[in-house]
Amino acid sequence: MARPARASGVRAALRGLTTRGRSFLAAGATAAVCAFVFGQTALLQVGVLLAALPLAAAALLVRTRYRVASGRRLSPQRAAAGQEARVHLRLDNVSRVPTGLLLLEDKVPYVLGPRPRFVLDRVEPRGFREVSYRVRSDLRGRYPLGPLQLRLSDPFGMCELTRAFSAADVLTVVPQVQDLPPVRLPGESGGQGDSTTHTLALAGDDDVIPREYRHGDDLRRVHWKSTARYGELMVRREEQPLQARATVLLDTREAAHRGSGPASSFEWAVSCAASVAVDLVQRGYRTRLLTDTGFSVPGQGVGGGAGAAESVGLLLDALAVVEHSDGGTLARAEEVLRLGGEGLLVAVVGELDEEQVERLARLRRRTGGAVVLLLDTGTWSGLRHLFPESADEPADARVARLRESGWTVLPVRAGDSLPALWRAADRTQNTTVPYRDEVGA
């Protein structure tokens with residue numbers, strides 16, 4: 001709950017005079033001057049009355065002892081681009097006197113829609129009022145909501161004072177996430193990622209971490225070296241399978257994409273990366289997000305439920321604010337993957353020249369499986385072709401080079417269906433998708 005900062009003083013009251021109040025004040029002053037000029041006592045009384053009315057209204061508002069508190073709730077906290085979110089406002093009158101006419105106005109960015117305004121006639125002592133409004137954005141990002149402004153007005157409309165609350169919230173608009181079909185990706189073993197080895201299989205007999213014997217433990221799990229060392233019966237811990245790891249590489253280079261706004265190839269790539277990352281997390285992968293700048297969102301250990309939801313939230317929050325980079329290569333991403341690139345690698349890349357194709361080919365050697373969604377940015381509306389120097393190497397040749405290095409290549413054109421493309425990545429199917437042929441929905 002937030003409480004408004006109170007404006008006080010004569011100057012604040014005079015600044016709050018409305019057009020009607022200023023008109024009454026000017027008319028009263030004019031009548032008083034005319035009364036002195038013409039010697040009319042009755043006119044002076046009228047002038048004093050006209051001037052006193054807005055001043056009395058301002059003094060009344062300044063001395064108002066309303067005590068109100070506000071709260072704001074977002075539903076949902078994260079909204080996908082193009083999805084509506086509802087903002088719920090609650091105003092509590094915590095004083096012992098009823099309020100007068102109140103005007104609520106919440107501050108929102110213009111991309112979310114018009115600024116909402118609500119009129120509350122009267123709130124009883126210890127009572128509350130709840131109102132709500134909807135916001136919507138087609139653009140990703142983090143948008144501040146608030147602070148809420150409360151306007152007090154007298155019954156005659158002579159004066160209006162604004163008191164602002166200090167609390168504000170943030171609405172996160174994340175990329176659109178599409179449901180992907182279940183497929184067996186390159187490098188998976190039995191559908192459980194690139195490895196089903198167990199933790200104890202990676203350690204020697206001396207590296208086993210034992211625990212004390214408990215009633216019911218299998219005697220075949222007794223670790224005799226530890227028993228002799230500690231002087232009590234010790235057994236080996238249960239073997240735990242290693243969690244499959246995956247990295248989603250997003251190409252954010254401005255020179256690699258075409259178009260602008262929600263219909264650009266860059267926005268398609270961001271939405272694709274979000275969909276793939278969410279799908280991998282839900283399948284049990286410890287998923288990391290990586291961009292060409294070297295920026296990385298580490299994968300969280302997930303065990304389903306709250307753990308998976310938290311990991312998905314971190315990835316979507318990062319993708320909500322990702323922007324174009326001015327880099328020209330994938331060198332920084334290659335350095336990060338060189339240090340720890342085990343597991344599955346899914347790359348979403350834009351226009352590639354010969355050098356970048358070779359970099360991707362080298363990255364394949366460090367991963368358990370590799371899938372690349374290669375965007376044909378020339379099919380997106382936008383500016384001229386940004387890599388004229390790569391025209392000497394046809395697109396089919398670049399695709400063939402990546403496939404020779406072991407990548408599962410999924411060529412993408414504007415209008416292609418991501419679920420249909422993802423289905424083509426199934427390792428049990430033929431992944432040789434013609435570059436020029438459009439993948440059907």
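**From a loop residue to the cores**

Arg126 is exposed, its relative accessible area being 55%, where exposed means over 50% relative accessible area, buried under 20% and partly exposed in between, with a 1.4 Å probe and protein chains only. This residue is found in the loop between β5 and β6, and its phi is near 65°, a positive value in a residue other than glycine. The model is a predicted one, in which local features need pLDDT of at least 70 and side-chain atom pairs count only at pLDDT 80 or more, while totals for chains, interfaces and linings use all residues. Residues are numbered from 1 along each chain as its sequence is written, and side-chain values use heavy atoms, with hydrogens and water left out.

The protein as a whole has 10 helices and 18 strands, these being DSSP runs numbered from the N terminus (H or I and at least four residues for helices, E and at least two for strands). Buried residues account for 46% of its 441 residues. The protein exposes about 22,600 Å², of which carbon and sulfur atoms supply 52%; accessible areas come from the Shrake-Rupley method with a 1.4 Å probe, and for residues only the protein chains shown count as cover. Among contacts between residues at least 6 apart in sequence, 72% join residues at least 24 apart, a contact meaning heavy atoms within 4.5 Å.

Strand β3 (residues 84-93) pairs with β6 in the antiparallel sense over nine bridges, and Arg86 stands opposite Arg134 in β6.

The sheet that contains β5 has four strands in the order β5-β4-β8-β9, and its pairing is antiparallel. Here β5 (117-120) and β9 (160-164) are the edge strands, each with a single partner, so one side of each has no neighbour in the sheet. Its twist averages 20° from one strand to the next. Strand β8 (residues 148-153) and β9 are joined in the antiparallel sense by five bridges, with Gln149 opposite Ala164 in β9. Across β8 and β9 lies helix α3 (residues 41-62), running at about 20° to β9.

One joins Ser75 and Pro76, with omega about 0°, and Pro76 is found in the loop between β1 and β2 (78-80). Another joins Gly146 and Pro147, with omega about 5°, and Pro147 is found in the loop between β7 (141-145) and β8.

What does the interior look like? The largest nonpolar core has 46 residues, of which Leu250, Trp268, Val276, Leu280, Val346 and Leu373 touch the most other members; such a core is a set of buried Ala, Val, Leu, Ile, Met, Phe, Trp, Tyr and Cys residues joined through side-chain atoms within 4.5 Å. The elements giving two or more residues to this core include α5 (265-282), β16 (344-349) and β17 (369-375), and α5 gives the most, with 12 residues. Leaving aside neighbours within four places in sequence, Val276 is in contact with Leu180, Val248, Val346 and Trp422. A second, separate core of 32 residues includes Ala58, Ala81, Leu102 and Leu152.

Leu345 has its place in strand β16 and counts as buried at 1% relative accessibility. Apart from neighbours within four places in sequence, its contacts include Thr247, Leu249, Ala370 and Trp407. The C-alpha atoms of Leu345 and Arg366, 21 residues apart along the chain, are separated by 9.4 Å.

Finally, the cysteines: the structure holds zero disulfides, a disulfide being a pair of cysteine sulfur atoms within 2.5 Å. Cys34 is partly exposed at 27% relative accessibility, whereas Cys159 is buried at 0%.

Notes:
Two strands pair if DSSP finds at least two bridges between them. Axes are lines fitted to C-alpha atoms, for helices over the stretch in contact, and angles run from 0 to 180 degrees between N-to-C directions.
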